[in-house]
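Okay, thanks for coming, everyone. Let me get the sequence and the model up on the screen, and then we'll walk through a few spots.

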Amino acid sequence: MHNSFIIERHEILFSLQFGFRRKHSTCHSLISLTNNIASDIDRGHLAAGVFIDLCKAFDTLDHQILFSKLEHYGVRGVALQWIRSYLSNRKQCVQIKDTRSEFYEIKCGVPQGSILGPLLFILYVNDLQRALKQATSSLFADDTSIYYSHSDIKQLEATLNSELQSLDIWMKSNKLSVNISKSNYLIFHPSQKNLRLNLTLKYDDQILVQKQHVKFLGIYLDENLSWKIHINYISKKYQNLLE
């Protein structure tokens, strides 16, 4: 029986993890997020989405932490020994033209291009949501977004900063790094209200940049969910193909 099927059958994975899963795609992730945003805006809430960029997440995954998590999920005995063997004693070097470095043992990361690698990664980040108390995380492999809404902007800011602090602790505990310069946030609101709302959101004591639109899973999301920016983007690509 395929490993991923067993994991799905026992409902081990976080429900809002959409990457590398059967019958899941970027469409499901986008629909889930945009539906939540639209519903909260209809209720008169301000909705904020924080989009986190991880630095080489697949390459920095810590093996010992992974083995501990796999054991927690029930992968033990021969099965865990097999995975240990699969990831152990791998070496790599760097070669530039005729010059080659020494070989060094790889003590972190999962093999790129493998079938098992992505599955191990989503199990590794599976408990990320547990670090959050009120906000909701949405994951597509290493694409991570955090979503929260509230009718009061001060409460929105305070809660998100608290959640980002918790997320920072979780990331450091799991030896994952965030590229803060590529991480940002949007405040979603109705297009009828020409609001210019500024929050001060911090991650690891660094201020995140507020955007009016972001590219998320290949789609441009704007603060009004108008889709105008994405439509213009697609139109320009189509025009370029015709030229």
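Look at the outward side of helix α5: the face turned away from its buried side carries V78, Q81, W82 and S85, and those are exposed. Exposed here is over 50% relative accessible area and buried is under 20%, with partly exposed in between, using a 1.4 Å probe and protein chains only. Helices are DSSP runs of H or I with at least four residues, strands are E runs with at least two, and both are numbered from the N terminus.

Before I go on: this is a predicted model, local features need pLDDT of at least 70, side-chain atom pairs count only at pLDDT 80 or more, and totals for chains, interfaces and linings use all residues. Numbering starts from 1 along each chain as its sequence is written, and side-chain values use heavy atoms, with hydrogens and water left out.

Back to α5, residues 77-87. Which residues are buried there? L80, I83 and L87. Down the axis of α5, they fall within an arc of 60 degrees, so they line one face of the helix; the arc is taken from the directions from the helix axis to the C-beta atoms. The buried residues of α5 pack against α4 (63-72) and α6, where contact means heavy atoms within 4.5 Å. After α5 comes N89, with a positive phi near 60 degrees.

Now the core. The largest nonpolar core has 68 residues, and V50, L164, L167 and M171 have the most contacts inside it. By nonpolar core I mean buried Ala, Val, Leu, Ile, Met, Phe, Trp, Tyr and Cys residues joined through side-chain atoms within 4.5 Å. Helix α6, residues 116-124, gives the largest share of this core, 7 residues. Take L167: leaving aside neighbours within four places in sequence, L167 is in contact with I52, L128, L132, I146 and Y203.

Next, a hairpin. Strands β12 (213-216) and β13 (219-222) pair antiparallel over 4 bridges; pairing needs at least two DSSP bridges. F216 has I219 in β13 as its bridge partner. There are 2 residues between the strands, and L217 takes a positive phi near 55 degrees.

Last stop, L197, in the loop between β8 (184-188) and β9 (202-203). Not counting residues up to four places away in sequence, L197 touches L46, I153, I187 and Q210.
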